[in-house]
Amino acid sequence: MSFAEMDVDTIWMDGEFVDWDDAKIHVLTHGLHYGSGVFEGVRCYDTEDGPAIFRWDEHLDRLYASAKPYDLDIDYSREELTAATTELIRRQGLESCYVRPIAFYGYDSLGVSPAGCPTQVAIACWPWGTYLGEEALAEGVDVMISSWRKHASSQIPTNAKTTGLYVNSMLAGEEARRNGYVEAIVLNKEGNVAEGPGENVFLVRDGEIYTPGLAESILDGITRQTVITLARERGYTVHHNASISRGELYTADELFFTGSAAEVTPIRTVDDTKIGRGTRGPVTEDLQSAFFDLVERRVDDHDEWFHYVNE
Ligand code: PMP
């Protein structure tokens, strides 16, 4: 859905709340030319106790950590970014939303060196439904293996959520959609399974759960961490440092994606090959229910993972 159709009017930018249409940057901004920004994607859920931001602390941790390899100084404290975000959600009367904090090298000069460029920071919130389509959560999605490989973590820190990295995600995702699929799975330089363009990948075989380890050039997804915890609490064996070959995808009992936007989305086919019975599998369904029961606060567990906006 286009921003033009949304009922949102305020963005926090460089310490101030500004009108949505005034949240602008100069066309010679360093981050625009070289992708020198870091960002987060966070969901805030509608609960009985009002809007609750899911794993906000961990997203903030990752935002500051992503900035580190780039020497990008985020001059705002956790408290300031938190106050800005909760105020944005309250002011716009949002019950559930997606939260997008971003920090990037701003306007000063355009050498590749960002020396002299200030760090700009902004936060926006907007309503965002199911990422891969309404049916996707129940029916699963059709994916293809991308012909594009993921950058190796020796080439670029893949554990940092850097704006520039997402041209790779865009290529992979658009290739898939052009070919009639909903999403891609991207292999790493070695040819093992890395992740989706904006999701981590999980595989189920003989009742055990596997997901690629950080050395496979993936982002350490916060939903990935959440699902690993929920699965272990339910007694599943989870191999969180797996190396998964392409072939193992086709013969898996179940596959699913995780991500703040994608939540827990079953994968029903890979390259037109049915995974399991070609529908959402029982382990996926179990973990998906556990996830939605948690984030919509139908259960009390892990209250420490929620930042209630109205507190
Ligand atoms: N991998 C990539 C490349 C992503 O962009 C995302 C979305 N942030 C994920 C994995 C999932 O991470 P998270 O669960 O923290 O949203």
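Which residues do ring pairs link into a cluster? The answer is Y45, F54, F291, F292, W305, F306 and Y308.

## Basis of the description

This is a predicted model, in which local features need pLDDT of at least 70 and side-chain atom pairs count only at pLDDT 80 or more, while totals for chains, interfaces and linings use all residues. Residues are numbered from 1 along each chain as its sequence is written, and side-chain values use heavy atoms, with hydrogens and water left out.

## The chain as a whole

The protein chain holds 8 helices and 17 strands (DSSP runs numbered from the N terminus, with H or I over at least four residues for helices and E over at least two for strands). Its C-alpha atoms fill a box of roughly 55 × 45 × 35 Å along the principal axes. Of the 311 residues, 53% count as buried, where buried means under 20% relative accessible area, exposed means over 50%, and partly exposed lies in between, using a 1.4 Å probe and protein chains only.

Where contact means heavy atoms within 4.5 Å, 70% of the contacts between residues at least 6 apart in sequence join residues at least 24 apart.

Strand β12, residues 208–212, is mostly covered, with 4 of its 5 residues buried.

Together with helix α6 (residues 222–233), β12 and β13 make a right-handed β-α-β unit, right-handed meaning that, with the strands pointing away from the viewer, the path from the first strand over the helix to the second runs clockwise.

## Aromatic pairs

The whole structure contains 15 aromatic pairs, counted when ring centres of Phe, Tyr and Trp (its six-membered ring) lie within 6.5 Å, with planes under 30 degrees apart called stacked, over 60 edge-to-face and the rest tilted. One of them is the edge-to-face pair of F54 and W305, at 6.2 Å centre to centre and 80° between the planes. Because F54 lies in strand β5 (residues 50–54) and W305 in the loop between α8 (282–295) and β17 (306–308), this pair ties together parts that are 251 residues apart in sequence. Both F54 and W305 are buried.
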